[in-house]
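Subject: Structure handover

Hello,

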Amino acid sequence: MNTATKLGAYALGLAAVFGGALGAGNVTGPVGAAPETESHGHGEQGGHGGHAAGAAAPGGLQVSEDGYTLAPRRTTVEAGEKTDFSFTINGPDGRPVTGFEPLHGERLHLIVARRDLSGFQHLHPTLANGVWTVPLTLPDAGVYRFFTDFKPTGAARQYTLGTDITAPGDLRPVPLPEPAQTAKADGYEVRLTGGLVPGKSSELTLTVSKDGRPVDDLQPYLEAYGHLVALRSGDLAYLHVHPDGEPGDGTTRPGPEITFFAEAPSAGAYRLYLDFKHGDKVRTAEFTVHAGNAALPADGPAGPREGGEPDDGHGHTH
């Protein structure tokens, strides 16, 4: 069987698996939606891509919602080759939307992850005449999920729409790493305390250190000291939250701790991606967290998982 056939069969399998997962997502409720009576000051009601209680589906599982549609100019990208990837957000009238309100310093956030939750990227395309464009490299063959976080000018809320983009070739799936409390990121160590609780808002604290010393001078990045994205294993339901407080508010310290409040819609495995900036560079630390019966274990004798440090050009691009 040639590589194109292999990937085609893989994509068909994904369609069956994730089609069933979407149905499950409809039952579990929105990712990131907070109870109406609870507010932690870290983002809009419902979080990025979340809806009010009772919404049809978690963020990122739909390509179209309320008349807004994510429309990529191409659905196939060559693995390992840099390309200018373009897309539009079409409005209820079928035309590309040209007006967007800033969300944490950007009019649109593009999150990319392969279906096995590897290859994470957080990008910020540029807009011209309704067309968004961004330099993009998908490092390995596979099916990638593209998430767009945006709020059209005048819209009542923001949206997270998602679509699949394929990089043809010999697929080599990456197993989901086991849960661990620490992760390496470009010479930094990040420790996670807290966990996800299905259906309930819970606290996650991430502590940044380097060479054994706490980093207490994190730099603002997109109007915060850290950004956290969570993807649910299986269907890649999307949660994007921001920490309590903000730079310059008089109470929020620039590290070493960054605290978030997040709600998992269901039990299961989630992959967390923390963006933080220090030394004029954005780094990403990645964790696996189990919500529900599976507790987050302490590190074993081997310490943090190998491969926790993103590979430049392969893990995180700005």
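Predicted model: local features only at pLDDT ≥ 70, side-chain atom pairs only at ≥ 80, totals over all residues.

Residues are numbered from 1 along each chain as its sequence is written, and side-chain values use heavy atoms, with hydrogens and water left out.

Whole chain

The chain has 1 helix and 18 strands. Helices (H or I, at least four residues) and strands (E, at least two) are DSSP runs, numbered from the N terminus. Of the 318 residues, 50% count as buried; buried means under 20% relative accessible area, exposed over 50%, and partly exposed in between, with a 1.4 Å probe and protein chains only. Among contacts (heavy atoms within 4.5 Å) between residues at least 6 apart in sequence, 68% join residues at least 24 apart.

An open sheet

Five strands form an open sheet with antiparallel pairing, in the order S1-S2-S3-S7-S6. Two strands pair if DSSP finds at least two bridges between them. The edge strands, S1 (64–65) and S6, each pair on one side only. Going across the sheet, S2 (residues 68–72) is joined to S3 by 4 bridges, and Leu70 stands opposite Ile89 in S3. Next, 5 bridges join S3 (residues 83–90) to S7 (residues 131–136), where Thr83 faces Leu136. Last, S6 (residues 126–128) and S7 share 3 bridges, with Ala128 partnered by Val131. S6 and S7 form a hairpin with 2 residues between them, and Asn129 in the turn has a positive phi of about 55°.

Aromatic pairs

How many aromatic pairs does a search of the whole structure find? There are 9. Rings of Phe, Tyr and Trp (its six-membered ring) pair if their centres lie within 6.5 Å; planes under 30 degrees apart count as stacked, over 60 as edge-to-face and the rest as tilted.

One of the pairs is Phe85 with Phe146, which is tilted, at 5.0 Å centre to centre and 50° between the planes. Phe85 lies in S3 and Phe146 in S8 (residues 142–150), so the pair ties together parts that are 61 residues apart in sequence. Both residues are buried.

Phe120 and Tyr273 form a stacked pair, at 4.2 Å centre to centre and 10° between the planes. This pair links the loop between S4 (108–114) and S5 (121–123), where Phe120 sits, to Tyr273 in S17 (residues 268–278), 153 residues apart. Phe120 and Tyr273 are buried.

Nonpolar cores

A nonpolar core is a set of buried Ala, Val, Leu, Ile, Met, Phe, Trp, Tyr and Cys residues joined through side-chain atoms within 4.5 Å. The largest has 28 residues, and those with the most contacts inside it include Val190, Leu272 and Phe287. Among the strands that each supply at least two of its residues are S11 (188–194), S17 and S18 (281–291). Leaving out residues up to four places away in sequence, Val190 touches residues including Leu206, Leu274 and Phe287. Apart from this core lies another, of 25 residues, among them Val77, Phe85, Leu110 and Leu138.

Regards
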